[in-house]
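Take a look at the chain below.

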Amino acid sequence: MARSSTPTAVVTQGRPLSPKLFNIMVDAIVKEWLHQVLSANKAESGIGTAIRYFVVLFYADDGYIASTDPAMLQDSLHILIALFERVGLLTNTSKTKAETCMDRKI
C-alpha cells in the first residue's frame, strides 16, 4: 500500500475549527440521508406523503427523527448510521432513543 509523503491535517476536538468542520460534515451526511430515505419512500406513496409522516430536526450533534411508520423509522436510522460510519462518526447507542408516533400525522 502506498503512503502519502505529505502530512495529514488533523483538527482535534476543542479547537476553534472543529465545530465548523463537524457541522459541515453532518450537514452533508444529513442531506444525503434525506435524499436516500425520501427517494425510497417516494416510489411507494409520493414525496408529499413521505414528508408528512417523517420529521427530522438536527442541531450540531443532536438529532430528532420522528415517524408514524416504525419500519420507515428503523430503516432510516440504519441508513443514517451507515453514512456516519463511512466518515468515521459513530452513533452513541446508549444515548439513542426511538419513538414511534401513533397519530396519523406528526
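Residues 1-8 keep a pLDDT under 50. The model gives residues 1-8 zero contacts beyond four places in sequence. Keep in mind that this is a predicted model.

Across the chain, pLDDT averages 75. A score of at least 70 is reached by 67% of the residues. Among the elements, helix 3 (residues 70-86) has the highest confidence, with a mean of 88. Helix 2 (residues 47-52) has the lowest, with a mean of 56.

## Layout of the chain

The chain holds three helices and two strands. Read from the N terminus, their order is α-α-β-β-α.

How much of the contact set with a separation of 6 or more links residues 24 or more positions apart? The share is 56%.

## The nonpolar core

The largest nonpolar core contains 14 residues. Those with the most contacts inside this core are Ile29, Trp33, Val37, Phe54, Ile65, Leu80 and Phe84. Helix 1 (18-45) and helix 3 are the elements that each supply two or more residues to this core. In soluble globular proteins, nonpolar side chains tend to be buried together.

Now zoom in on Ile65.

The chain has 106 residues, and 21% of them are buried.

Notes
Residues numbered from 1 in each chain as written. Predicted model: local features only at pLDDT ≥ 70, side-chain atom pairs only at ≥ 80, totals over all residues. Heavy atoms only, no water. pLDDT = per-residue confidence, 0-100. Helix = DSSP H or I, 4+ residues; strand = E, 2+ residues; numbered from the N terminus. Contact = heavy atoms within 4.5 Å. Core = buried A, V, L, I, M, F, W, Y, C linked by side-chain atoms within 4.5 Å. Buried < 20%, exposed > 50% of the residue type's maximum accessible area, 1.4 Å probe, protein only.
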